[in-house]
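Please find below a colleague's note on the model under review.

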Amino acid sequence: MSFDLNFIGILIGAIMASSVPLILAASGELITERSGVLNLGVEGMMIIGAISGFALMIITDNLFFAVIGSMLSGLIISIIFGILTQSLLTNHVATGLALTIFGIGMSAMIGKNFVGIPGKEFPLLFVNLKENIPFFGPILFGHSIILYFAFLLPFITNYFLKKTKIGLIIRAVGDSPTSASNQGINVILVRYSCILYGGAMCGLAGAYLSLIYTPQWIENMTGGRGWIALALVVFATWSPIKVLIGALIFGGITILQLHMQAIGFRIPVQLLSALPYIMTIIVLVIISRDSRKIKLNTPTSLGQIFYKEK
Amino acid sequence: MNTKLTISNISKTYPGCIANDNVSLEFGSGKIYALLGENGAGKSTLVRILSGVVKPDEGKVFLNNENIKLNSPLDAKKNNIGMVFQHFNLFETLSVFENLSIDSNEKNEELRFLVNEILKKYNFKIDLDIPVLNLSAGQKQKVEIIRCLIRNPKVLIMDEPTSVLTEQETEDLFISLKKFSEEGILIIYITHKLKEVLSLCDEVAVMRKGKVVSVSSTKEEKIESLANKMVGENLSTIRKKIKNLKYNEEILKISNLNFRSDDPYETNLINLNFSLKKGECLGIAGISGNGQSELFQILSGEIITDYTSIKFRNKEIGKLNPRERREYLMAFSPEDRISQAAVPELKIYENVALNNFKSSNFFERGLVNEKKIKEHSKKILSNFSVNTDNVEMKSQFLSGGNLQKLIIGRELITSPELLVCFNPTWGLDVGAINYIHETLININEQGKSSILISTDNDELLRLSDRICVIYKGKLSKIMDINEVTPEKLGILMGGGSID
């Protein structure tokens, strides 16, 4: 019995690990969208983060530089998006799509010399505790620092948006950039900052994939996680806590359906593979169906171009 | 606290239009100043300059003889200039308190104390912790005013504040503004409503085409003199309506019309009965929110009732949708020009095509016949003196008056038998109002009928043949125009009864 319980613990630990990139990217994108900017380049920024992190780790042999570098590269890519949409007033949707395509191509080009090189082991914390405590051990311990950060992030984000002045300003800009500007808020600056923050978080999400989750570089290794993160933000109606729930459900069903496939369940594989997407959407729609709350949480100006009168 | 605000030689040019042409004005505290002008006269540009939103090309602003720089809204705030915009600058999804705290430096507890003091002092009743989107227009305006008051303003600018208010809310606002003025706040009141200037303000500056054309004390002015200054020509007094007695045929009959809504913000209509003759105008008065918008939607077919309750030219049409009703020669001019009557992002000719799906040859085999629509649109523009002949222009660039002319023109060019209007001159300037009124009188003379749902009593008394009042979803008895007085209307609108 204790073996079974421990196995479930390990399973839950694995689910948590698989949801980390979603939580990181979605939390970043959530801040960006709350300021009224719709950046569809999440996938592109993630994969650039993944290759930069991996390449820096190989070149510098330093994991700290690799992690910081991945965040910086996500941030730099997002600057392109910022300049285009905020300063040159291009359409958010088209620019974001272009950014994703650009990121995937760019990462493949940088990454062609790194294919097949084995990654380095990323330090995990509290490994003895993980092995000595049944069930709770594998859930709570033996993870990387980035996982702990990722699981704190939604709560920090929630507090930041609801309780701090800067959070209030970000929500105000997302609600009505014109009103905010008339109140003397520098809308462009706020939106740039949110875009850059979102970029950095996507970069970190990518690095988690290439440094920790599957420590190697494979072309296109984000595999659509950026799009899932985007969908999570919308279906979680811009609530950080619901993003966390959604990411865990998605990660959970992904892992479970893999096990079901391995055991040989008599359900078509295609259906099993589609399950995480369907279930995540269903659950998030059900938990966020309060239309009043949706209205209050939705950034009214999402995707609208803002320009300041002269 | 004595405040003196001087505007000196301000000019601002936009591509194709001089918004402010060498404007100089002087204001002193203790008085309420009116800045009067038609839409597009440059009032709004001037106050946007004063609030730091727009930078002037030339000119200076002095506060207590000190030249102040107004490069951003923050500068205006630093100099204690407060501004309440016509289109509210509020964050709808944030709570009232969050809206107030966003640009204040006080701690939350201190701010809450301060705000509560202001609420008490001016007898404002607003829940600070509900989202702004749940407030009425009057309450939203109070939030804007409170936001200014927190900063102890020396100057308070109100940009067309009554355009969204009910009559009661307007009275309350005037009481507050007079209080502020007594406390030494300099008030600049922007409007195009002449009555308000005379009842509220001490001095009036009239602007026309970007220039200040007159500055005077309101004691020396009358409605007519101000109107003439504002429009720049002697306004032809609108001709008096003569009752059309040629016809006796009943065109519309509403019998036992009831409407129950599940939406708590809508008004239920209770047992409405009235009829309308050919060539007649029936006015429906009332304070807004008493069921007017529901009644309009029922007449236009946006809300569908049972077949028998609406009979138009002897056909039962209660279940028909707006397009089908138009085919029976009904026409509609809704209250909200921007979101109900027209699509602002579409070009003029596209908007013209929108309500003429069947009655014309605009569409052939599913394709749009642009040439026909454009010709037709040009005809509307010239017949209804819309101030442009460019049918390719986006409708959002038309002023309110011109957009309303376009809408009325679009409805009337198909020669409908009945036109239903809801507040047709809401927010328009005198010139446009007169034009619309003239048009509505004309159609009655031509034997067409109209229903005028309006919150403007002067308009109703001018245009209607018979009037009734709607109160809490019920209609009063219908009175002939000769027996109606503004006092009677007032009593009925407040829920009282006469005779």
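The numbered points that follow describe these contacts in turn.

1. The model is predicted, and the contacts below should be read accordingly. Two packed helices are described by the angle between their axes and the distance between the axes. For helix α2 (residues 42–60) and helix α3 (residues 63–87) of chain A, the axes cross at roughly 145° and come within 7 Å of each other. The crossing of α2(A) and α3(A) is right-handed.

2. On the α2(A) side, the residues that meet α3(A) include A:Gly44, A:Ile48, A:Gly49, A:Ser52, A:Gly53 and A:Leu56. Their counterparts in α3(A) include A:Phe65, A:Ala66, A:Gly69, A:Ser70, A:Ser73 and A:Gly74. The contact between α2(A) and α3(A) has 10 polar and nine nonpolar residues, and no charged residues.

3. Chain B is divided into domain 1 (4–231) and domain 2 (250–493), whose C-alpha centres lie 33 Å apart. Contact between them involves 10 residues of domain 1 and nine residues of domain 2. Helix α8 (residues 223–231) of chain B contributes three residues, the largest share of the domain 1 side. By class, that side has five polar, three nonpolar and two charged residues.

4. Between the chains, 15 residues of chain A are in contact with 18 residues of chain B. On the chain A side, α8 (165–175), α9 (177–182) and α14 (291–297) each supply at least two residues, and α8(A) gives the most, with five. The chain A side divides into six polar, five charged and four nonpolar residues.

Terms used. Residues numbered from 1 in each chain as written. Chains lettered and ligands numbered in written order. Predicted model: local features only at pLDDT ≥ 70, side-chain atom pairs only at ≥ 80, totals over all residues. Axes fitted to C-alpha atoms, helices over the stretch in contact; angles between N-to-C directions. Helix = DSSP H or I, 4+ residues; strand = E, 2+ residues; numbered from the N terminus. Left-handed = near helix turned anticlockwise from the far one by under 90°. Contact = placed C-beta atoms within 7 Å. Nonpolar A, V, L, I, M, F, W, Y, C, P; charged D, E, K, R; others polar. Domains from an automatic or database assignment.
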